[in-house]
Amino acid sequence: MPSPYDFHIHTTHLKCANETMTVPALVERCEGLGLEAIAITDHLNAPEFMPKQDLIKADLEQIDSPLKIYFGVEVNVIDKETGAVSIDEEELAYGGFDPVIGGPHTSYHEKPDQESIIDLQHRLMLAVLANPLVEVLVHPWWFAGREFQPGGPMEWFTSMEQIPDWHTREVADAALKHKKAIEANHSAIFAAGQYSEAFRESYAHYLAEIAGRGVKISISTDAHDINRLDGIHEMMGILEGVGITREQLWTPEV
Ligand SMILES: [Zn+2]
Ligand SMILES: [Zn+2]
């Protein structure tokens, strides 16, 4: 079954996505892909990003589309001690973002100290899930390609089986308790060169374990290039391959 949703998409305005990702172009592509609802979720890593977010909102006001389009935002963890994220209530009220999605974006380590990295990342994910401003935990256990280089902090990370099961259970329990979704992210995990085919397979089972515990899965491409939007249907196929159905997908309405 094709995916009905893509709830994590970047635009050219924040310069994270490339020039192909204008708002009209990405909306048109998503219509062509047969999606029912999408969320534009560009970054808000600091308050200085807000004027760029206003440009996205202005673009959306000009668009007439059969798609249900959410004007959301992606936030980062900005404090590794508390897990605080880069948005506060005032900025949320000003921006009018819905949904807010977010998570950690680094290991916060220089060396491949496996145990310490897993422990910190786990605690940060729990903090994001407990944060009332954030609705979706994005790309759990994603790390940038540079962190996987030899001698780098993530060089050891080749399978989700390296993450203890009780961590996964705790994350799922926290998501359930706080009524949060966990993301299945195509670009960050399933189309990212730093993760092997074997890793991706273990990751699909990780998502199945979480969904099996009753947590809603937010399906997304996290596209930074217009052609990456096409990955949404492959993402759905991967989820279906481990038994996750459309009924288990999250939408911002829930
Ligand atoms: Zn991200
Ligand atoms: Zn993103």
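Helices (H or I, at least four residues) and strands (E, at least two) are DSSP runs, numbered from the N terminus. Residues are numbered from 1 along each chain as its sequence is written, and chains are lettered from A and ligands from 1 in the order in which they are written. This is a predicted model, in which local features need pLDDT of at least 70, side-chain atom pairs count only at pLDDT 80 or more, and totals for chains, interfaces and linings use all residues.

The sheet comes first. Seven strands make up an open sheet with parallel pairing, in the order E1-E2-E3-E4-E5-E6-E7; two strands pair if DSSP finds at least two bridges between them. E1 and E7 (217-220) each have a single partner strand and stand at the edges, so one side of each has no neighbour in the sheet.

Inside the sheet, E3 (residues 68-76) and E4 run parallel and are joined by four bridges. Asn76 has Gly103 in E4 as its bridge partner. From E3 the chain passes through helix H3 (residues 89-95) to E4, a β-α-β crossover that is right-handed: with the strands pointing away from the viewer, the path from the first strand over the helix to the second runs clockwise. E4 also pairs with E5 (residues 136-137) in the parallel sense over two bridges, and Gly102 has Leu137 in E5 as its bridge partner.

E4 (residues 100-103) is covered on both faces, with Val100 and Gly102 buried on one side and Ile101 and Gly103 buried on the other. A residue is buried if 20 or more other C-beta atoms, placed from the backbone, lie within 10 Å of its own. Asp6, in strand E1 (residues 5-9), counts as buried because it has 31 C-beta neighbours inside 10 Å. Leaving aside residues up to four places away in sequence, Asp6 touches several residues, including Cys30, Leu35, Ile219 and Leu229; contact requires C-beta atoms, placed from the backbone, within 7 Å.

Helix H2 (residues 50-61) lies across E2 (37-43) and E3, running at about 170 degrees to E3. Axes are lines fitted to C-alpha atoms, for helices over the stretch in contact, and angles run from 0 to 180 degrees between N-to-C directions.

The axes of H4 (residues 114-130) and H5 (residues 165-178) come within 9 Å and cross at roughly 10 degrees. That makes H4 roughly parallel to H5, a label for angles under 35 degrees. Among the residues that meet are His122 and Leu126 in H4 and Val171 and His178 in H5. The contact residues divide into seven nonpolar (Ala, Val, Leu, Ile, Met, Phe, Trp, Tyr, Cys and Pro), one charged (Asp, Glu, Lys and Arg) and three polar (the others, Gly among them).

Key
Parallel < 35°, antiparallel > 145°, perpendicular 65-115°, else oblique. Contact = placed C-beta atoms within 7 Å. Buried ≥ 20, exposed ≤ 12 C-beta atoms within 10 Å, placed from the backbone.
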